Amino acid sequence: HMLEISLQPHFGVHEGRNAMVGAFVLINDIAHHWEAERAVRQSEERMRKFAIATEEGLAFHRDGRILDANEALQRMVGYSLAELVGQSIFDFALPEYRALAVEYTRRGSEKPYELAMRHKDGRVIPIEVVGKTMPQQEGDYRVVVVRDITARKQAQEQAQEQAQEQAQEQARFLVLHDTLTQLPNRRHLMMQLARMASAAQERQTRAAVLFIDLDHFKTVNESLGNQAGDQLLIEIARRLQDVVKATDFVARVGGDQFIVLLPDLANRAAAAEVADALLARVRAEFAIGGTPLSLSPSIGISVFPDD
């Protein structure tokens with residue numbers, strides 16, 4: 001047990017003179033009070049150690065007036081504790097966020113929200129704030145946890161920029177490519193054809209254009225449906241790309257019509273050899289939706305500058 005003992009001397013007359021003739025002894029069991037005080041001291045010590053160790057800023061305020069702040073917050077805003085204590089916590093928020101911060105505190109809200117404050121050197125720091133109301137006999141006060149979210153904002157901005165770049169890249173791709181087969185479209189073909197002709201003329205070499213048309217393709221759409229026809233076109237595009245070299249150019253110019261550009265040909269016979277390889281590859285049996293199909297393409301050849 002933890003006891004508190006009070007002694008109160010009692011004086012009286014003894015043998016003709018004043019003397020202490022006794023004492024009042026008051027004994028109280030204060031174990032409960034002592035334990036409560038020790039719990040408060042331990043709690044305060046834990047809070048002190050946490051405030052020192054954490055990288056998050058902590059501010060304590062009552063009615064907006066700062067009572068205390070940890071070192072992390074002092075580093076975050078660039079002000080010393082002496083400069084912070086007694087100041088309005090709302091003055092550190094940018095003007096456009098002050099009304100929001102005041103209303104957040106007035107409502108006693110405890111949900112995180114984002115705002116921005118200004119560092120002593122003038123820098124703007126985006127922050128996330130969470131407030132907690134701490135009841136106390138002499139009046140409630142608020143604990144505010146402040147997180148610097150500069151890195152998060154930068155990551156968000158980078159993600160947005162990347163998304164915008166991807167969207168722009170996709171838009172540019174769609175302008176020059178067929179959406180079904182992903183092959184270059186007619187517009188892209190005409191640009192590439194002009195470049196190929198110019199290069200062949202400058203180097204005095206041959207180049208070829210192969211025009212490919214599928215025989216009776218309309219019958220596939222009518223008998224198996226447009227979805228089967230689309231699958232067939234995608235497979236044909238893949239086969240054409242498999243046959244040609246990386247320096248060659250394959251485009252879809254509409255419907256069942258494809259174009260292959262062959263730059264830097266050795267002679268006319270080389271174009272015919274590529275055409276034969278394409279014919280053989282396209283004639284190989286397809287399996288569309290479990291249905292075997294065979295198609296025969298027609299190929300026309302034009303060689304620059306002879307034709």
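Q: Which helix and strands do the buried residues of H6 pack against?

A: This is a predicted model. In it, the buried residues of H6 pack against helix H5 (150-176). They also pack against strands S8 (206-214), S9 (249-254), S10 (257-265) and S13 (297-304).

Q: Which residues of H6 are buried?

A: Buried means under 20% relative accessible area. In H6, His188, Leu189, Met196, Ala199 and Ala200 are buried.

Q: Why do the buried residues line one face of the helix?

A: Start with the general idea. An α-helix has 3.6 residues a turn, so residues three or four places apart point the same way. Now the case here. Seen down the axis of H6, the buried residues fall within an arc of 100°, so they line one face.

Q: Which exposed residues does the face turned away from the buried side carry?

A: That face of H6 carries Arg187, Gln201 and Glu202.

Q: How many residues does H6 have, and what does it reach from first C-alpha to last?

A: H6 runs over residues 186-203 and has 18 residues. Its reach is 25 Å, close to the 26 Å expected at 1.5 Å a residue.

Q: What should I look for at the start of H6 and just after it?

A: At the start, a side-chain oxygen of Asn185 reaches to within 3.3 Å of the backbone nitrogen of Arg187. Just after H6, Gln204 takes a positive phi of about 60°.

Q: How many cavities of 30 Å³ or more does a search of the whole structure find?

A: The search finds 1. The largest cavity has a volume of about 260 Å³. Its lining has 22 residues. Nearest its centre lie Ile89, Ile127, Val129, Val144 and Val146.

How values were computed. Residues are numbered from 1 along each chain as its sequence is written. This is a predicted model: local features need pLDDT of at least 70, side-chain atom pairs count only at pLDDT 80 or more; totals for chains, interfaces and linings use all residues. Side-chain values use heavy atoms; hydrogens and water are left out. Helices (H or I, at least four residues) and strands (E, at least two) are DSSP runs, numbered from the N terminus. The expected span of a helix is 1.5 Å times one less than its number of residues. Buried means under 20% relative accessible area, exposed over 50%, partly exposed in between (1.4 Å probe, protein chains only). The arc is that of the directions from the helix axis to the C-beta atoms. Contact means heavy atoms within 4.5 Å. A polar contact is a pair of N or O atoms within 3.5 Å; within protein, one must be able to donate a hydrogen and the other to accept it, and residues adjacent in sequence count only if both atoms are side-chain atoms. On a 1 Å grid over the protein atoms alone, a cavity is a set of points where a 1.4 Å probe fits but cannot get out, and a pocket is an open set with protein on both sides within 12 Å along at least five of seven lines; lining residues have an atom within 4 Å of a point. Grid points are joined across faces, edges and corners, and a volume is the space filled by probe spheres set on the points.
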